[in-house]
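Reader: Let's go through this model together. Keep it short, please.

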Amino acid sequence: MLYRVIQKFGLDVLQWNEVDDSHSSTVYQCTLLHGENVYLKIPFTKLKFQRELAAYEILQGSVPIPYLINYWSGDEECPGAFLISALKGKPLTAKTTPTVAYQVGTLHAKMHSVTPPTNGDFIGINNEFDNWSNFIERQFQSFAADVRDILDERLYEKAIEKYKKMKQQLPSPDGPSFVHMDFRPANIIVHDGSVSGVIDFESARFGSTEIDFTKLYRDILSLDSSLYQAYKDGYSSIRPLINLEEVLPFYRFTDAFNSIGWCKRRGVEKNALFLEENIARLKKWVL
């Protein structure tokens, strides 16, 4: 498939390497003959291709993202492919600074400031805001059967009870906004102490901002109060920040639950460590 895509884009590739931390697409970092670095991205499904393509159109000029050099709509064998410029830098890590955390907050707020096009023409990215509660329910239930195969019956039933109780306590949704749905450190690029931009939009929706803080909080902000405060300050400088303490417990819980189902679908052995981490997180919420 890679060689077909290279031919479609007419590239002279000197060398290539597959990117490891990509879960919804196959991504290759390519060095071209004249020395330029670019990325080739092949989403797993046509819908993921459509979401990514729409996101580039919607976000360009509003949020720092890579430049979409070219794309191919695919055929019966390939759902499509993208040729994307390389942002300078490396993924965000927990060893970052409050200055960078502040910039991450401003970037996130700028993305959440993007609202659905007035003409409603955004093929691939659904507007879930008006039925947000149902959207959350569908997501949770779609993983429930997979989770049931992993957890013992007592833990599973307690998790379902916890979900129902916590969901009733959620405030009114905040939006409609462009939500990344996978806003985690691996998708935030930093170079020389500054945020270069955000990548990977295969899961994007228009919906409530409340769902979009969970992974960044899980992986970085919860580990350092100074980073958490700097992030909140950056976000609030662009748009009002919701009460995260009011929504994070529910979304941290559902993130752990859904991640267990994700591991079942993608391979328990391959994702054993991630599975163990999320089972441990789930137990803290329900036991």
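**Charges, sheet and backbone**

Reader: Start with Asp255: buried or exposed?

Author: Asp255 counts as buried, at 11% relative accessibility. Buried means under 20% relative accessible area, exposed over 50%, partly exposed in between, with a 1.4 Å probe and protein chains only.

Reader: What should I know about the model itself?

Author: It is predicted: local features need pLDDT of at least 70, side-chain atom pairs count only at pLDDT 80 or more, and totals for chains, interfaces and linings use all residues. Residues are numbered from 1 along each chain as its sequence is written, and side-chain values use heavy atoms, with hydrogens and water left out.

Reader: OK. Which residue forms a salt bridge with Asp255?

Author: Arg218 does, with the closest N and O atoms 2.9 Å apart. A salt bridge here is a side-chain nitrogen of Lys or Arg within 4 Å of a carboxyl oxygen of Asp or Glu.

Reader: Where do Arg218 and Asp255 lie?

Author: Arg218 is in helix H6 and Asp255 in helix H8, so the pair ties together parts that are 37 residues apart in sequence. Helices (H or I, at least four residues) and strands (E, at least two) are DSSP runs, numbered from the N terminus.

Reader: What else does Arg218 meet in a salt bridge?

Author: Asp219, at 2.8 Å, N to O. Arg218 is buried at 16% relative accessibility. Asp219 is partly exposed, at 26%.

Reader: How many salt bridges does the structure hold?

Author: It holds 16. One of them joins the side chains of Lys215 and Asp182, at 2.9 Å, N to O. That pair links distant parts of the chain, 33 residues apart: Lys215 sits in H6, Asp182 in the loop between strand S7 (177-179) and S8.

Reader: And their exposure?

Author: Lys215 is partly exposed, at 22% relative accessibility. Asp182 is buried, with 17%.

Reader: Which residues of H7 are buried?

Author: Leu227, Tyr228, Ala230, Tyr231, Lys232, Gly234 and Tyr235. Their cover includes H3, H6 (214-219) and H8 (244-266). Contact means heavy atoms within 4.5 Å.

Reader: New topic. In what order do the strands S6, S8 and S9 stand in the sheet?

Author: The three strands form an open sheet, S6-S8-S9, with antiparallel pairing. S6 (90-91) and S9 (194-198) stand at the edges with a single partner strand each, so one side of each is left without a neighbour in the sheet. Two strands pair if DSSP finds at least two bridges between them.

Reader: What packs on the sheet?

Author: Helix H3 (residues 98-112), touching S8 and S9. Its direction makes about 30 degrees with that of S9. Axes are lines fitted to C-alpha atoms, for helices over the stretch in contact, and angles run from 0 to 180 degrees between N-to-C directions.

Reader: How many bridges join S8 to S9?

Author: Four, with S8 spanning residues 188-191. Val190 stands opposite Val195 in S9, and Ile189 opposite Gly197.

Reader: What happens at the turn of that hairpin?

Author: Two residues lie between the strands, and Asp192 takes a positive phi near 50 degrees. Asp192 is not a glycine. Asp192 is exposed, with a relative accessible area of 70%.

Reader: Are Cys30 and Cys263 buried or exposed?

Author: Cys30 is buried, with a relative accessible area of 0%. Cys263 counts as buried at 0% as well.
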